[in-house]
Each structure stands twice: as C-alpha cells, then as structure tokens.
Amino acid sequence: MTKKRKITLICAGVTFILLLVSYYAFVRPLVNTNDSHTAGLELVEGETEGPNGRYLLIPHIERENIESIKVHNTGGDYAFVRDPQNNSTFMIDGYRGVGFSDDSFSALVVASGYVIARERVTAEASSEDYTSYGLDTPLASWVITTKGGDSYKVNLGSKLISGDGYYAAVAGRDCIYVLSTTVENSILRPIEQYVNPLICAGMTNETYFTADNFTILHNGEPFLAIKQLPKSEYSNPDAMAETKLVYPEGYKTNDSYFFNIMMNMISFAGESTAYLGTDEEKIAQYGLDDPYYSVYFTCAAEGASVEYYIFVSELQEDGYYYASSNLYNYTMIARFPKESFYWLESDLVNWVYNYPIMLNISSVSSIYVDTGDRQINFDLTHGTDSNKKATLEISSDTDFSMNNSEVYNFRNFYKVLLSVQIMGNSELDEAEKEKLISEDTDRMATIRFKMLDGEEYEYSFYRYSSRRALLTVNGSGEFYVLADWIEKIISDTEKLLSGIEINPDGKN
C-alpha cells in the first residue's frame, strides 16, 4: 500500500470517528429514539405504558365499554351517548335519529379512548407551563365515561411550532404531553362533520313511483302540484304509474321528468352538513328562516305512506343551496351544489307533458269546435258490436253525422287535435295574457271536450305573434303552441265536414 493511500484511509477514519462522536454528543439527544423506554417508563399515577414504550394517558377504553364521549372545541359542545332505546348503539345527545358517519365516530372512539402520547414534556407542570402550552384556556377537551361510571377528562392545548402535534394534559394530573395530529380528524371536528347530510330517505326503487300530492311552493306561492292518476285513467294501461297536474290545472305531467327526480330522492343528501341545531340566527344565516322553496309529497316507505317536507333556501352567494327537512325534525341543514336542485328553478314547461290534449276518445261524450267562422258540436255515441269490439257513431247539431263504418276520417281529425304540442313558455306577463284573452279578437279556435263522467276541458288558442299562439286550459294559460297547427285544425274541421280525407301527419 502506498504512503499516499495510507494517509487517505487514516483521514477518512478520523473523519468518521469525529462524525460519530458529534452524533452521540449533539444530535442523538435531540431525537426521540425511545431507547430509554425499552427499559420501562418512569410512570406517574394514572399513566400506563403503551405500545413502543410510549405513555398511555388513561386506561384503554374499548368501544363496547364506552358510555359517552363529550367534546368541547371551537365548533361548540356535543356528545355521543348510548341510545336509551337500543343500548348497543350510539346517538348524538339530543338528536336521536340523526344519522352520522360510523367511520368518523370510530376515529373519535380511538382518539378519546386510546390516548397515546408521543412524549411527556414534564411531570411537574407549573401554572406558567400551562399558560405556555395553551392549557390554561384549552383549544379543546373531551370527557370519556365508561359503562362502569369512570370518567377521564383530557385538555388539548396549543399546536406545536413544528405543526406535527398538540400539547395535552389530563385533568387532575400535573403532566403535559404531546399528542399526534390525529386529534384533528376527531376531537377538533365540529359535530357537523360527523352528521350525514341526508334530507330524504325511506323510498326504494320499488316505491319511488308511488309519490303523490307532490307540491312545490315558490316564496309561499303555489308553483306546481302533481297527483297520481287512478289506474282507470291511465293512457298506457301497462304503465307503473301516471300522474296529472292539479296546479296548474288541466295538464298531464311529464312523468319521465317527474319520476326521474323522485328516483334521485331515494337517498337524497347534500355535499356536507352545514349546521346541526335550532339556533334561529344560524337558521337565518343559511336562508331558512323564511325558505324560498317548500316541497311536500307522500310516498310509500317502510310499508306505510310517509309524509316528506323539505325546505330550501334561494341560491346563496357562495353558490350553494341550503336545505332542511322533517327527516331529522328540521334540526339539520345540508349544503347542496347548484345542480342538485336544478328542478326547483326549472321552467314549468319542463314538468308538463308536451301534448296537452291527452283525452282517450272512448271517454269523450262530445266535442265542441269553434273556429270563428264555424261552430259545431259533435256528439259521440260509444258501443260494442257483436264481436265485442268498440264502436263509435257521430252526430251533430247540424246535419253532419257518421255511423261506425264511416268514422275513420273523424278519428283522423281527433288525432290532429291530440297532436297539438306545447313548445315552451309564452313569456307573456299576466297583464298581457289577460288583455289577449279578454279582448278575444285574436282567438283562433276553441275546442271543448265533455267527458262521460261529466268533466269538461276547454282549450283555446290566441295568436300573439306570426308563429305563436297562447294556449289556455279552462281559461288560464302559461304556454304557447305553433299557430300553424291551429290553422291546420281549422282547415281539417272544414275537410271533415266536406267529406275530404284528413292526413293527421300532414302540415295542412
């Protein structure tokens, strides 16, 4: 070996020894290696030794032995207690029935009942120590009580400057410890972060279509009301359910739109819980002291007809809706993104089946048609032939009539009436509609149906632009139809009376 290489190795060895000495003299004392713990901790009364030679601040309390956990933090006070009606489960004290996340509660059980300190700062804390570590006015605290009646209170002080822990002390013991930041996911949580933001539950895929008496109010004023039809009035006898609008009256519901909304209500929850409680100022803060939207319906749930009430704020400045319901007895306010309640601001036309005249001809006793130049009343006589097939005969207040073998063209005319299609909201204000209807000068046609059960439906059409006509049902109107189609009805009325074949699919 060369002299030069020997010198190099000697220098390297000296450097290593110096580093080793520096590590043991200066660095290692600053690192918590827990080596001293392996020989057993010096414990004070109330402490026990936990895993890896760490301090267990209170006896380990398993979930099955917990009677209650009471928490105080910057979000307020709350407690989880045994449900008096089912001692095997827990409930939020004062809010029986309010659902909460079991995962979040499990984190609280571990944090409060298995309190392991990363280190003990001092076993002889002075009042100055309590102040220095933020334990004179704790950031948070909890009291855990066992089924046997033993209680333990732990106070949480300031966060470490390093940000990786919190100072803590057990009430009645002059020791200060350092706990990990896991308390942030449990002890420091407000109660709202435990609560499930559910406002509607109980319906299933087998029952949501039984929703009935569905009502929406806007600022206390009726906007919409939907009721189930009896099976005898279904337009499709194979349908699972059909409904009609009872407000505004005279229209059939767009059942596809309606039942899609109801299906989404099977388990309808917000993005998060905003508030749990009954404080009026808090309720007002979320726009629910005077809710802008109110929703009511009944539905089969759990073998009975259940009532649902939902109150919703206007869209708030933060871009969210806030809602409460009778599910949790109006004590919980959930936060919803805008898309969750698109249907509350949806135009009325979306709720309405776009073919307004949905009347089965076999239920009609007479049809009165007024086209301005022509007024005629058709009486319909229904029967059956020797083969028990339905028959139809037409008579009128003029000399027009048709026997059963001749009614093909009348049925085509009826198809034209059924093909009147709602195109959208008229966008006329109430004054404009009232003027248009009262003056009657722009009325294109009126068609009145009298049903076998005595009910009457009157449809009138008032032109208000070159292409649009206001549709009214029993005197009130919201929507427009194409004026061209009403011109076709007028034309086809004359064709019917003249014996000219009607093309129900043609433009004229």
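Q: Which strands do the buried residues of α4 pack against?
A: They pack against β13 (212-218), β14 (221-228), β15 (243-247), β16 (249-252) and β19 (293-301), where contact means heavy atoms within 4.5 Å. Helices (H or I, at least four residues) and strands (E, at least two) are DSSP runs, numbered from the N terminus.

Q: What kind of model is this, and how are residues numbered?
A: The model is predicted: local features need pLDDT of at least 70, side-chain atom pairs count only at pLDDT 80 or more, and totals for chains, interfaces and linings use all residues. Residues are numbered from 1 along each chain as its sequence is written, and side-chain values use heavy atoms, with hydrogens and water left out.

Q: Back to α4: which residues are buried there?
A: In helix α4 (residues 255-264), the buried residues are Asp255, Tyr257, Phe258, Phe259, Ile261 and Met262. Buried means under 20% relative accessible area, exposed over 50%, and partly exposed in between (1.4 Å probe, protein chains only).

Q: And what do the buried residues of α6 pack against?
A: Their partners are β23 (364-370), β24 (375-384), β25 (390-396), β26 (401-402), β28 (443-451) and α8. The buried residues of α6 (residues 408-418) include Phe413 and Val416.

Q: Where is Asp492, and is Asp492 buried or exposed?
A: Asp492 belongs to helix α8 (residues 483-498) and is buried, at a relative accessible area of 0%.

Q: Which residues does Asp492 touch?
A: Leaving aside residues up to four places away in sequence, Asp492 touches Phe413, Val416, Ile502 and Asn508.

Q: New topic: is Glu280 buried or exposed?
A: Glu280, in helix α5 (residues 280-285), counts as exposed because its relative accessibility is 66%.
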